[in-house]
Amino acid sequence: MLAKRIIPCLDVKDGRVVKGVNFLNLRDAGDPVENALYYDEEEADELVFLDVTASHEKRKIIIDVVERTASVVFMPLTVGGGIKSLDDIRDLLNAGADKVSINTTAVKDPYFIQKASSRFGSQCIVIAIDAKRVDKNFNPKSYPSENWFDDSEIKEVLYNENSRFVLSTHGGRLMRPIDAIAWAKKMEELGAGEILLTSMDRDGTKEGYDIELTRTISEAVSIPVIASGGAGTLEHLYEAFAYAKADAALAASIFHFREYSIREAKEFLKQKGIPIRL
């Protein structure tokens, strides 16, 4: 069995690490390169940078952060946020990123994932899925009818009355009436090599991962799934692997503010029988 991975996530805004709750109320959490060095020394398996500024004008800031980080750490680095073109991917990979994470642009044009994986290889294309629970009161007709893609070709990803989870885009600011499970399957079909799955309901709450969401998508696809959103204890990390069937667990707050170390997390998981690299 492949070893499970522990992945710290750094949300980067204007060159600084920030952390919030449900993508809101951001507070400063330090310099990204210093944080990356700490996690490299702690032997994190990978590191994710999410550019929450993500505008074209400030793209050079995250490029600089990636270049400085890649020059001093050796763990794989994934970068996401505001990627709109193949040139953006090329620039980030040239700066030292190993993988890129794509969300909103894929929703606008699902075939962008196909183009990106064909150009750069599926191993470096991560589809970021920000999913939110919906109930019987959810009305997809209340959302703008943007014709982002050809519904006749990808009609199965649209919301239906049995959808339990739908997509969120633009850093959590917009909802889209698209079924998250069907979307994950379609993204795998179009060439995504990995899924970064965030529960918008759990993000920053420290109440634990959404086990149902993560397990459902993990069982629906054959590519690796990274569980994200809600880690507050080491037990939550265990649950992501043991019950949600995730291949990796991403966390931010519990590591950034030194509540737990990567070493503590890995030793805990090892004792619980989870295959992990120490």
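Where does Glu161 lie? Hi everyone, let's start there. Glu161 sits in the loop between strand E7 (125-133) and strand E8 (165-169); helices (H or I, at least four residues) and strands (E, at least two) are DSSP runs, numbered from the N terminus. Glu161 is exposed, with a relative accessible area of 73%. Exposed means over 50% relative accessible area, buried under 20%, and partly exposed in between (1.4 Å probe, protein chains only). From Glu161 to Lys136 there are 25 residues in sequence, and 8.0 Å in space, C-alpha to C-alpha.

A quick word on the model. It is predicted, so local features need pLDDT of at least 70 and side-chain atom pairs count only at pLDDT 80 or more, while totals for chains, interfaces and linings use all residues. Residues are numbered from 1 along each chain as its sequence is written, and side-chain values use heavy atoms, with hydrogens and water left out.

Now to helix H10, residues 262-271. Its buried residues are Ile262, Ala265, Lys266 and Leu269. Seen down the axis of H10, these fall within an arc of 95° (taken from the directions from the helix axis to the C-beta atoms), so they line one face of the helix. As a reminder, an α-helix has 3.6 residues a turn, so residues three or four places apart point the same way. And what do the buried residues of H10 pack against? Their partners are strand E1 (5-13), helix H1 (32-41), helix H8 (234-242) and helix H9 (253-256), where contact means heavy atoms within 4.5 Å. Just after H10, Gly273 takes a positive phi of about 90°. Thanks, everyone!
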